[in-house]
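Me: Please walk me through the packing and strand pairing of this model, with the cut-offs behind each term.

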Amino acid sequence: MIKRKNKNKDNPFYDPTLSKRHRSSKRFKRFTLASLLFSIAFLAFFLFDIVGKGTPAFKQAYVNVEVTYSEASKKSYRKAIDRKYTRIVSRAWLRTLPMEMENNPELIGTKTKMWVLADDQVDQYLKGHYYKLKRKDRALIDDMKANGDVELKFNEIFFTNGDSKTPEFAGLNSAIIGSILTLIIAMLVAFPIGVMTAVYLEEFADDNKFTQTIEVNINNLAAIPSILFGLLGLAIFINLFGMPRSSPLVGGLTLALMTLPIIIVSSRAALRAVPDSIRQAAYGLGLTKIEVTRDHVLPLAFPGVLTGSIIGLAQAMGETAPLIIIGMIAFIPDSPGSIFEAATVMPAQLFTWAGMPERMYIEKTAAGIMVLLTILISLNALAIYLRKKYEVKW
């Protein structure tokens with residue numbers, strides 16, 4: 001060992017810090033690997049927790065009771081069922097009976113044994129969660145369960161109903177429709193403006209102080225907190241132009257402002273990736289600059305443009321802060337019929353549910369997060385698929 005050490009010292013190419021650098025490199029690799037494993041473990045724990053809490057929400061408790069349709073029950077919905085069932089049947093479902101009899105007069109004077117929506121406390125009791133039920137109500141439920149008159153069925157209400165103050169009757173339908181309308185407005189505004197801006201800056205604009213200022217501002221806009229776009233939307237679209245508050249129109253325009261920098265930057269990168277030989281060959285054939293850009297450069301860059309736009313759409317769909325500022329966190333029990341009516345979006349709906357005191361909203365919030373994550377992952381997967389399918393390698 002001593003001779004080898006002396007030999008290394010006599011070697012003019014020997015670096016005495018080499019072993020120290022190797023040890024430092026190994027430590028750095030261990031740190032990066034540990035960080036990666038920690039991130040994966042945190043993500044797995046997060047998904048496990050969300051799935052564990054949200055999966056029960058896709059099942060809903062129903063009880064099989066006799067329902068009486070009469071003039072008395074039309075005036076007082078509590079008289080539609082036996083008195084002993086009033087605390088285990090959903091009040092929100094009972095409130096729908098007068099309207100049902102109004103729309104179907106032939107029901108009056110009949111009795112039907114049917115599966116009706118149970119109260120949220122019954123649902124939590126059957127799922128083994130925290131509940132507030134009296135002893136006689138628990139005994140009644142246990143007897144009905146033994147007779148097959150209590151079941152956990154697929155929760156269609158979660159996808160067909162809007163928001164409700166009673167947790168067993170609350171659903172995501174109005175939030176889903178509001179999200180779709182909002183995103184349609186956002187993309188109809190942001191996509192053409194963003195792509196045209198990218199084409200102008202990359203293909204036609206001269207490199208001067210004006211274009212440099214625009215580029216700096218675009219990069220700065222991409223780093224601005226999203227809540228500031230909400231303040232901008234409130235000041236311009238609502239206060240200045242008088243657009244309807246809480247509407248998908250205002251929400252879509254606000255998200256369009258936030259999505260524009262992402263579309264512009266990604267579109268410019270896609271245009272820049274097209275080789276100059278394509279442009280030179282087109283010029284050699286006598287085409288004008290507009291024809292070259294329209295017929296050759298833009299079609300070849302379109303897969304990258306589309307990918308960036310879909311990613312921007314996915315990011316906009318998960319935003320809550322700017323939409324809270326413009327009022328899209330209101331209580332919306334019915335789905336909006338147009339872009340001018342009051343609406344809410346899925347992230348805002350989940351934010352509202354997370355602050356509700358009833359325990360059933362915990363699993364509904366987790367289930368809503370699962371639905372939102374599924375949509376976001378699907379949009380990102382679509383972007384990856386389109387990029388791989390239409391990508392041109394030079």
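Me: Which residues touch the most other members of the largest nonpolar core?
Reply: This is a predicted model in which local features need pLDDT of at least 70 and side-chain atom pairs count only at pLDDT 80 or more, while totals for chains, interfaces and linings use all residues. Residues are numbered from 1 along each chain as its sequence is written, and side-chain values use heavy atoms, leaving out hydrogens and water. A nonpolar core is a set of buried Ala, Val, Leu, Ile, Met, Phe, Trp, Tyr and Cys residues joined through side-chain atoms within 4.5 Å, where buried means under 20% relative accessible area, exposed over 50%, and partly exposed in between (1.4 Å probe, protein chains only). Among the 59 residues of the largest such core, those that touch the most other members are Leu-172, Leu-255, Met-317, Ile-326, Met-346 and Trp-353.

Me: Which helix gives the largest share of this core?
Reply: Helices (H or I, at least four residues) and strands (E, at least two) are DSSP runs numbered from the N terminus. Elements giving two or more residues to the core include helix 9 (173-204) and helix 14 (289-317), but the largest share, 11 residues, comes from helix 12.

Me: Is strand 1 largely enclosed or open?
Reply: Strand 1 spans residues 59-69, and nine of its 11 residues are buried, so the rest of the structure leaves it largely enclosed.
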